[in-house]
Amino acid sequence: MESAGGTQAAEAAPASKNAKEGSRNRGRQRWRKGKAKASKLIHNMDLRTMTQSLVTLAEDNIAFFSSQGPGETARRLSGVFEGVREQALGLEPALGHLLGVAHLFDLDPETPANGYRSLVHTARCCLAHLLHKSRYVASNRRSIFFRTSHNLAELEAYLAALTQLRALVYYAQRLLVTNQPGGLFFEGDEGLTADFLREYVTLHKGCFYGRCLGFQFTPAIRPFLQTISIGLVSFGEHYKRNETGLSVAASSLFTSGRFAIDPELRGAEFERITQNLDVHFWKAFWNITEMEVLSSLANMASATVRVSRLLSLPPEAFEMPQTANPTLTVTISPPLAHTGPGPVLIRLISYDLREGQDSEELSSLVKSNGQRSLELWPRPQQAPRSRSLVVHFHGGGFVAQTSKSHEPYLKSWAQELGAPIISIDYSLAPEAPFPRALEECFFAYCWAVKHCALLGSTGERICLAGDSAGGNLCFTVALRAAAYGVRVPDGIMAAYPATMLQPAASPSRLLSLMDPLLPLSVLSKCVSAYTGAKTEDHSNSDQKALGMMGLVRRDTAMLLRDFRLGASSWLNSFLELSGRKSQKTSEPTAEPMRRSVSEAALAQPQGPLGTDSLKNLTLRDLSLRGNSETSDTPEMSLSAETLGPSTPSDVDFLLLPEDAGEETEAKNKLSPMDRGLGVSATFPQGFHPRRSSQGPTQMPLYSSPIVKNPFMSPLLAPDSMLKSLPPVHIVACALDPMLDDSVMFARRLRNLDRPVTLHVVEDLPHGFLTLASLCRETRQAAELCVERIRLVLTAPAPAPAPPPV
C-alpha cells in the first residue's frame with residue numbers, strides 16, 4: 001500500500017507541475033493576445049487621443065509612486081513617468097505639424113509614403129509602446145508579482161528613445177523650412193549641410209540598440225535583429241584584436257552571452273562600433289554569410305535548381321549593334337578603371353537545364369575554383385530556351401557580399417519566373433572604387449545580351465533587378481546602355497535602391513539614427529569607400545601628432561585626391577562619350593562603327609568645366625543644356641559640358657506642379673524667425689536631447705564632386721538622360737532610411753511621363769530580400785518583387801521602329 005501510495009504521489013507531482021506550466025502558458029498567451037488587442041486599439045487612435053491617454057496614465061502613475069515613500073525605485077519610477085508626460089506633450093504638436101503637410105510629399109494619393117510619414121509612424125510606435133506599458137504598470141503595480149526593476153528599465157529605455165525621436169522630429173521641421181517646396185533632400189549650401197550632419201551625428205543612439213531594438217518593425221523581425229546585434233558587438237570585440245576569418249565568428253559565439261543578458265551594454269557597444277570602426281570591419285561582418293557553412297545552411301532552405309555555375313568572362317572587347325541602326329556597331333571595352341583589364345565573374349542560375357547551358361562554349365567559361373552545380377539526371381529532353389532573362393546586381397553598400405549571399409532568393413526567383421538569372425559579382429570598394437563596379441556590370445550586361453543563347457534565353461525580354469546598391473547599378477547600367485546606343489533593358493525592378501549618394505539629409509535618412517542595419521555613419525563610410533576617398537582619422541591625438549606642416553600636407557593630399565578622382569575616374573571613364581556625334585548620312589551605312597572609348601575621347605570638341613563649377617551643383621541647378629546638333633541622337637553620357645547654368649524652370653522635379661502652391665503656403669505659415677533660424681536653433685527652449693558618450697564620431701563628412709556624377713547618383717541625372725530609362729518598378733520600405741531616394745526618383749520619372757511604379761511595404765527593414773524566408777511579411781514583400789519582374793518579362797514587346805531612311 002505504501003508503494004502504491006508512493007507511486008500515486010510520484011505521478012501526481014509531474015501532473016501538478018504540468019498543470020502549473022500549462023497555466024503559465026495560458027497566462028502568457030492571454031497576455032500576448034491582450035497586448036495585440038491593445039496595440040490594435042492604439043493603432044486606430046488619433047495622435048491627440050493617444051497623447052492624452054498617455055499623459056493621463058503617466059499622471060496617475062506619478063501620483064501613486066510619489067506616495068510610496070522616499071525609496072530610490074519609487075523615485076525613479078515617478079521621475080520616468082514625469083519624463084514621459086513632458087516628452088509626449090512636447091512631441092504631439094510637432095508631430096501634428098508634420099502630419100499636416102506630409103501628404104504634399106507623396107508620389108500620389110495611392111502611395112502615401114515619404115520620410116515625414118515614416119518619422120510620425122515611428123514616433124507613434126514608441127508612444128504606443130509607452131501607452132501599453134503605462135497601462136500595464138497601472139494595472140499591476142500593487143501585485144506581488146510586479147517586476148519593478150524590469151519595468152523600470154524598459155520605461156527608461158523607451159523614454160530615452162522618445163526623447164531622441166522628438167529631436168528627430170525637430171530636425172525634420174528644420175528640413176521642411178530649409179528645403180525647396182516639396183523637396184525631401186536638404187537644399188542648404190555645403191557648409192550648412194556639414195553643420196547639420198555634424199550636429200545630427202552627436203545624438204545618442206545606444207538607446208535604440210538595446211531594449212528598444214527594432215521596435216518600429218514587425219514583431220517577427222525583432223528576434224533576428226537582436227541576434228544580429230549580439231553577433232555584431234561580439235564580432236567587434238574580436239575584430240579589435242585583429243582576429244580574422246572563422247576564428248572571429250567562432251569566438252563570437254562563446255562571448256556573446258553577456259551582451260544577450262545586458263541590453264544596455266549591448267546598446268552602448270553597438271553605438272561605439274557603428275561610430276568608430278572602419279569600412280573594413282563592415283565588409284568583414286557582412287561577408288560572414290559568405291562562409292561555406294552558413295551559405296550551405298541557407299541553400300538547404302532554398303529551392304533546388306538544375307544549374308548554378310560561376311562563370312568568368314574574359315576581358316576582351318566585342319561589338320554590339322546600335323539600337324537606332326543595327327548596321328552600325330559600338331565597341332564594348334572590358335573594365336579598365338583603377339586596376340586595368342580583368343575578368344568579370346557572373347553566376348548563372350536556372351531552375352531547368354535549358355538549351356545552351358551545357359554547351360562546350362559556356363563550360364569553357366566556368367571558373368575552375370568556383371562553385372559549380374550542374375545536375376544532369378535523366379529527363380526526356382532539355383527545356384527550350386526561355387524568352388526571358390534576368391540580370392541581377394546584388395546589394396551590400398558597394399563594399400561587401402557577392403551573388404553567393406543572394407543565391408537563396410535568386411533560386412526561388414528562377415523557379416517562380418521560369419527564366420535564367422545571371423548575378424554579377426562586381427568588384428567591391430574600397431579596393432575597387434567607382435566606376436569599376438559600373439564598368440563591370442555594364443560589360444556583363446552587354447555580354448549577356450550578345451550571348452543570351454548560351455545562357456538559355458532567346459533574349460526577347462530582359463529585366464534588370466537589384467537591391468540597395470544593386471538597385472543603383474540597375475539605373476546606371478541602363479543609363480549607360482542608352483548612352484552607348486545599345487539595347488536598353490525592357491524594364492527595371494529596384495528594391496530599396498540608393499539613388500542619391502551625396503551626403504544630404506532627408507526626413508527618412510534621419511531614421512538612420514535608430515536603424516540597426518543602416519546607421520548613418522556606416523552609410524557614409526560605404527559611400528566614402530565607393531568614391532575612392534581614403535579613410536581619414538579625425539581624432540584629436542592624431543591632429544596633434546601631425547603638427548602644422550603635417551596638417552598642410554594632409555589637406556594638400558586631400559585636394560590632389562579630389563582632383564584625381566574628379567579628373568581621372570569621372571572624365572576618363574564617362575565624359576569621353578559625350579562628345580561623340582551621330583554618323584553623318586553621307587557615310588556608308590554598311591560600314592560598322594568601330595569606335596572605342598579612347599577614340600571617342602580624342603574626338604572631344606571642348607574641354608570640361610572646372611571642378612569648382614561642378615562642386616556648386618545641387619538638386620536645384622542640374623539641367624541638360626540644349627544642343628540642336630545632337631538632338632536627333634540619344635544622349636551618351638553626362639559630361640561637364642552638359643552641366644551648364646540653369647534656371648529653376650529648367651529642372652523642376654522637386655514637387656508636382658499642383659502641390660507647389662499648397663506647400664509654399666504651408667511654409668509661409670511659419671514665422672520669419674523660424675524660417676531664418678539655423679541648425680543651432682533647431683530645438684525649442686528647454687529641450688535638450690541626449691548626446692552620445694562614445695566620443696567624436698569618425699564619420700567622413702567631406703563630399704567629393706564625384707558623388708554628383710549621375711552615374712553615381714542617378715537622382716541627379718538631367719531630364720534627357722532619365723527619359724532614356726525603360727519602365728521602372730521600385731519596391732521600397734516605409735521604415736528604410738533610403739525611402740526618400742525612391743520617392744524622389746519615382747517623382748522625377750513621373751514628371752517626365754516615364755512609366756514608373758512605386759510600392760512601399762510597411763514595417764520591414766532595408767534588406768528584406770535577404771530575409772525572405774524569415775517570416776510571412778518578408779515573404780510577401782519578396783513575392784511583390786517577383787511580380788514586378790514578371791510584369792517586365794510578360795509585357796508585350798513594343799512595335800519595331802521603322803527602318804532608317
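This is a predicted model: local features need pLDDT of at least 70, side-chain atom pairs count only at pLDDT 80 or more; totals for chains, interfaces and linings use all residues.
Q: Which residues of α3 and α4 meet?
A: From α3 come Phe81, Val84, Ala88, Leu91, Leu95, Leu98, Leu99 and Ala102; from α4 come Tyr116, Arg117, Val120, Ala123, Leu127, Leu130, Ser134 and Val137. By class, this contact of α3 with α4 divides into 14 nonpolar residues, one polar and one charged.

Q: How do you know that the length of helix α4 agrees with its number of residues?
A: Helix α4 covers residues 115–140, which is 26 residues, and at 1.5 Å a residue these should span 38 Å. The C-alpha atoms at the ends of α4 are 38 Å apart, so the two values agree.

Q: What makes asparagine 114 a cap of the N-terminal end of α4?
A: A side-chain oxygen of asparagine 114 lies 2.9 Å from the backbone nitrogen of tyrosine 116.

Q: Why is α3 called roughly parallel to α5?
A: The axes of α3 and α5 come within 9 Å and cross at roughly 25°. Angles under 35 degrees count as roughly parallel, and the angle therefore makes α3 roughly parallel to α5. Here too the crossing, of α3 past α5, is left-handed. The contact of α3 with α5 has 18 nonpolar, eight polar and four charged residues.

Q: What makes α5 roughly antiparallel to α6?
A: Helix α5 (residues 148–178) and helix α6 (residues 190–200) pack at an angle of about 170°, their axes being 12 Å apart. The cut-off is again over 145 degrees, so α5 is roughly antiparallel to α6. In α5, Leu168, Tyr171, Arg174, Leu175 and Thr178 meet Leu192, Phe196, Glu199 and Tyr200 of α6. The residues of this contact divide into six nonpolar, one polar and two charged.

Q: Where is a cis peptide bond with omega of about 0°, and where is one with omega of about 10°?
A: The bond joining alanine 429 and proline 430 is cis, with omega about 0°. The bond joining phenylalanine 434 and proline 435 is cis, with omega about 10°. Proline 430 is in the loop between β7 (421–425) and α15 (436–450), and proline 435 is also found in the loop between β7 and α15. Most peptide bonds are trans.

Technical notes: Residues are numbered from 1 along each chain as its sequence is written. Side-chain values use heavy atoms; hydrogens and water are left out. Helices (H or I, at least four residues) and strands (E, at least two) are DSSP runs, numbered from the N terminus. The expected span of a helix is 1.5 Å times one less than its number of residues. A polar contact is a pair of N or O atoms within 3.5 Å; within protein, one must be able to donate a hydrogen and the other to accept it, and residues adjacent in sequence count only if both atoms are side-chain atoms. Contact means heavy atoms within 4.5 Å. Ala, Val, Leu, Ile, Met, Phe, Trp, Tyr, Cys and Pro count as nonpolar, Asp, Glu, Lys and Arg as charged, and the others, Gly among them, as polar. Axes are lines fitted to C-alpha atoms, for helices over the stretch in contact, and angles run from 0 to 180 degrees between N-to-C directions. Angles under 35 degrees count as roughly parallel, over 145 as roughly antiparallel, 65 to 115 as roughly perpendicular and the rest as oblique. A crossing is left-handed if the near helix is turned anticlockwise from the far one by less than a right angle, and right-handed if clockwise.
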